[in-house]
Amino acid sequence: IAKPYHDLAERYLETPVAVSPRELDAALGRVEDTAVVDAIHQAQLYYSKADVSFASLFNPAVRVPKGQVTVRQIAALYPYDNELYVVEGDGKMVKDALENAARYYLSCQAARCSEPPLIDRNVIGFNYDMAEGVTYEIDLGRPEGDRIRNLRRRGRPLAPAQKLRIAVNNYRAAGSAGYSMFVGAKVLWHSQEEIRDMMVRYYTGRKTLPAEADGNWRVIPEAARRTLEKEALVEAGQGQTQ
C-alpha cells in the first residue's frame, strides 16, 4: 500500500536543486564558521528580512558533494520540521543568546586549552546556535556567561539597546535549551512553510550553494580552537580518539 508513496518521495528527494562549487564538510561546523551553516543562514535571512539569523548544525557528519545537489542533500542540512520566526529584539538579546550557546564549550586557562575535553557533553550539539549578521569571538579563557567578545554589526560595536529583527526557528522562539531571552518577544513574522522547504526553494532559484564561509565568528584562544577541532573530527568520525 505504501510503496507508491515511498517511490514518489524517493523521486522527489533526487530532484536537482543547485550546484555546490566544492565538497562541503560539516565536521568542524561547531568549532568554526562553515559554508554548511552559512547555507542555512542565507536562506533564513533572505526570506525573513531579519538583521540577525540564528541557526545550529544538526549533524556534523553531513557532507554535500561537489557538483549537483539534490533535495536529499538539502534535507540533510535541515532534517527537522521547524518553521522560521522573526522576533523583535535588541543587541542584548543577541549577546545573551550567544552566551547561552557558548555553554557548549568548557572554559580553559593557558596550557589547559591544549588539553581535551573542551566540549561540554552535557550540552546537546544541536542546541549550540551560531549567528549571522554580526561578528564576534568566543573567548574560552573567560568564565561562562562572559565569553562573547567584540560583538559587532556592520563593523561597529553592537549596543545592547540597538533594535533588531532576529530570525530563529519556532523551537528557539519557545525558549528551548536555555534560550529564554526569546520567550515573550513580539513575533514580527513567521513562515508559512518549513525551513527545509524554504532552503530548497531558495537554492533552486539561486542555483549555487556558498563555497566558503564568511568567517564572521571564531573561538579564541587559538590553542582552544585547535583542541576543539580534534574533538569535533572525532565526533564526526574523521579523527582518532586520544
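Reply: The model is a predicted one.

Me: Which residues does Gly141 contact, leaving aside its neighbours within four places in sequence?

Reply: Apart from those neighbours, Gly141 is in contact with Cys108, Gln109, Ile220 and Pro221. Gly141 itself sits in the loop between strand E8 (135–139) and strand E9 (148–153). Its C-alpha is 7.8 Å from that of Ala110, although 31 residues separate Gly141 and Ala110 in sequence.

Me: Why is Gly141 called partly exposed, and why does Ala110 count as exposed?

Reply: Partly exposed covers relative accessible areas between the buried limit of 20% and the exposed limit of 50%. Gly141 has 24% and is therefore partly exposed. Ala110 has 67%, which is over 50%, so Ala110 counts as exposed.

Me: How do you know that the span of helix H7 (residues 222–235) agrees with expectation?

Reply: The 14 residues of H7 should span 20 Å at 1.5 Å a residue, and the end C-alpha atoms are 20 Å apart, so the two values agree. Within H7, the buried residues are Ala223, Ala224, Arg225, Thr227, Leu228, Glu231 and Ala232. Strand E13 (217–220) is included in what covers them. After H7 comes Gly237, with a positive phi near 80°.

Me: Which strands are the edges of the sheet that contains E13?

Reply: That sheet is open and has four strands in the order E10-E9-E8-E13, with mixed pairing. Strand E10 (156–157) and E13 are its edge strands, since each pairs on one side only. E8 and E9 run antiparallel and are joined by three bridges; at least two are needed for strands to count as paired, so E8 and E9 qualify. Thr135 has Arg152 in E9 as its bridge partner. Helix H4 (residues 91–101) packs on this sheet, touching E8 and E9, and its direction makes about 140° with that of E9.

Me: What makes E7 and E12 edge strands?

Reply: They belong to an open sheet of five strands, ordered E7-E3-E11-E6-E12, with mixed pairing. Strand E7 (129–132) and strand E12 (187–194) each have a single partner strand, so one side of each has no neighbour in the sheet. On average, neighbouring strands here are turned by 25° against each other, direction ignored.

Me: How many bridges join E6 to E12, and how many pair E6 with E11?

Reply: Strand E6 (residues 83–90) is joined to E12 by four bridges and runs antiparallel to that strand. Opposite Glu83 stands Glu194 in E12, and opposite Val86 stands Trp189 of E12. E6 also pairs with E11 in the antiparallel sense, over seven bridges, with Leu164 in E11 as the bridge partner of Gly89. Helix H6 (residues 195–206) packs on this sheet, touching E6, E11 and E12.

Me: Why are H2 and H6 called roughly perpendicular?

Reply: Their axes come within 9 Å and cross at roughly 90°. The term applies from 65 to 115 degrees, and therefore H2 and H6 are roughly perpendicular to each other. Among the residues making the contact are Ala39 and Tyr46 of H2 and Met198 and Tyr202 of H6. The contact residues divide into ten nonpolar, two polar and three charged. Met198 and Tyr202 are among the buried residues of H6.

Terms used:
Residues are numbered from 1 along each chain as its sequence is written. This is a predicted model: local features need pLDDT of at least 70, side-chain atom pairs count only at pLDDT 80 or more; totals for chains, interfaces and linings use all residues. Side-chain values use heavy atoms; hydrogens and water are left out. Axes are lines fitted to C-alpha atoms, for helices over the stretch in contact, and angles run from 0 to 180 degrees between N-to-C directions. Contact means heavy atoms within 4.5 Å. Angles under 35 degrees count as roughly parallel, over 145 as roughly antiparallel, 65 to 115 as roughly perpendicular and the rest as oblique. Ala, Val, Leu, Ile, Met, Phe, Trp, Tyr, Cys and Pro count as nonpolar, Asp, Glu, Lys and Arg as charged, and the others, Gly among them, as polar. Buried means under 20% relative accessible area, exposed over 50%, partly exposed in between (1.4 Å probe, protein chains only). The expected span of a helix is 1.5 Å times one less than its number of residues.
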